[in-house]
Amino acid sequence: MGDDPGLMTVLLAMFAGAIRVSTPFLFVSLGEMLTEKSGRINLGLEGTLVFGAMSGYAISYHTGSPWLGVLVAGFCGSLFGALHGFLCKLPKVNDIAIGIALMLFGTGLAFFFGKPYIQPSAPRLPSISFGSWSDHPGIRQALEINPLFLLGIALAVFLWWALRNTRFGLIIRTTGDSAPAALALGIDVNRVRLLSTMAGGFFAGIGGSFLSLYYPGSWTEGLSSGQGLMAVALVIFARWNPIYCFWAALLFGAAGALGPALQSIGVSRGYHFFNAAPYILTLLIMIASTSPRRSLKGAPGELSITK
Amino acid sequence: MSKFKLSRRTILKSSAAGLAALSSAGLPRFAQAAGLTVGIVYVGPRDDFGWNQAHAVAAAALKDVPGVTVVEEENVPETIAVEKSMESMINLDGANLIFATSFGYYKPFVLDLAAKYPDVQFRHAAPLWTEADPKNAGSYFGYLDQAHYIDGIAAGLSTTTNKLGFVAAKPIGTVLRNINSFLLGARKVNPDATVQVIFTGEWSMPVREAEAANALVDAGCDVLTCHVDGPKVVIETAESRGIKCCGHNASQAPLAPNGFITGAEYKWETIYKMFATDLAEGEALPNFTGGGFDVDFVRSTPYGAGATEAAIAAADAAREEVKAGQPIFVGPINKQDGTPLLAAGESLDNYEPALDQTDYLIEGVSGSIT
């Protein structure tokens, strides 16, 4: 194997990996972005993701309809969001602490209810082939795209547009930047935050259902392995911009595919290092993008970590 | 193998004698099985469709022994956490026999506790115990590489690209040995076969396992197998990519109705049932229990739709040969870096202790262990 075909294989694998692996990152980070835009942090999305994966799989198994599973996963996610929104409304409650509690609660609950679903095989989401123009099997495989990925792109563009150009977008941004100003405008701050957190939970739940119903496509307890937490970090370096969230999710997907792809072409020394690529990437971007002399550009003013 | 059986018996006898001697010295004895509490520690969930499930299902045999109480804990990581779990089983539940079912539990955790609690018996599921280790510790193990060798034979006759893919968790002895035996099986029937291995670095990491499986298919492999705790993802990925696969740990045949060839399964129930009988009869458990097809500790999954007539015939014949003691490691075999492992005409017994310490891949396997 020469250098060129090897390099092409890795690039193709990273491209395919970006499309395959990025969807949960995208949905969770869009959900977290929306919640943070309204002035709260929901660290519990990891738990929401895992519970969404479990509930989506269970519903798909019982009803035979994976799309119903996706919907129920989103609905369960919004319930977790509602719980977070409700608890944080109470006086002197810290949203980060509640988030961590909900993360553990969500994963624990998912493991508890998920036991009977580890073995059975549930119907999975279909994919759409965009690669029929190519006769390269790798490219054809890479372009087997799940509708949820496309939905995620549409959602990112929609959120980007809606946050800037609609009345609701303005209300959310105002609430997130200055609660007193929002109050003065007659906005019910708590309700806006509750609804934003619920919507965020809905997206994260859908992200979870992608994990169990499409890729890797089965429910196991190790399914998420921290992807929900990474997606939360991803929001910060995406600068609370939905479009950047999309690029960041793609980057994370590609980084995750790097380790196995390099091993498949024979570059196998130091695979632990390449497997850690997504985490190293998180650190590097965090270091490169922070400065003690200025606050993060685009950060909502009400966020408890930036206040 | 007869030689092996002999040594197991001898150990069994001598340790039973040893225990009888000990019990007269006032130490607790299994003879009064009443009051025996068995603690079992698992690294993952007990129903993972793989390693832990195979143990949990088989260990249920112990629960039927009168007077034996079983306490179990799952999802215990291979860290200091397992030491705490085992200590709490000993101190709070009164466990006097511990089964530690994951590879990384042994050193240093089982060894430390065995020294700290000389009255408690420890048994660990990997062929790691040696004479130098505490006498209240021990190992039990099925030599799954024999079943992976049979998989390799069936896979070698099923591939058209001559490239077989192997998704492996960690580069430890038993995993490397399975990979080597898989290649030797394939090479026996198909001298051009190669095995490409990708290590994920974790016992259970579903997204990375799926990525690894896809990368292997993209690299041209047309038969996949794996050594991870829950092979579900690898098998389902192989099936969805339209290639064949061989299972691991438990039967994954229903997951791949088109491409499943056969699989390498432990038969832990033989071992646990044997232990249960020993306990019921008040005998001590042997320090070292292990074996393959010959003592019914491993088995092949019934053939799936992916197995051809030729593959079935060759695999069945090879299984009988292994059962009769014919060696898997027959020279000439070189290690990956070209240094000879066995010269032509040499061979290693299937229970050769040196194979337990496998720290190399052999020529024909691509992939690095570092």
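Domain bounds here come from an automatic or database domain assignment. This is a predicted model, in which local features need pLDDT of at least 70 and side-chain atom pairs count only at pLDDT 80 or more, while totals for chains, interfaces and linings use all residues. Residues are numbered from 1 along each chain as its sequence is written, and chains are lettered from A in the order in which they are written.

Select chain B and colour domain 1 (2-143 + 267-295) and domain 2 (145-265 + 299-366) separately; the C-alpha centres of these two domains of chain B lie 29 Å apart. Where they meet, 18 residues of domain 1 of chain B are in contact (C-beta atoms, placed from the backbone, within 7 Å) with 20 residues of domain 2 of chain B. On the domain 1 side, helix 2 (residues 51-63) of chain B gives the largest share, 4 residues, where a helix is a DSSP run of H or I with at least four residues, numbered from the N terminus.

Now select chain A, whose secondary structure comes to 13 helices and 2 strands, a strand being a DSSP run of E with at least two residues. The C-alpha atoms of chain A fill a box of roughly 65 × 50 × 35 Å, taken along the principal axes.

Finally, show both chains together and look at their contact, which takes 31 residues from chain A and 30 residues from chain B. On the chain A side, helix 1 (3-37), helix 11 (242-264) and helix 12 (271-275) each give two or more residues, and helix 11 of chain A gives the most, with 6 residues.

Terms used:
Contact = placed C-beta atoms within 7 Å.
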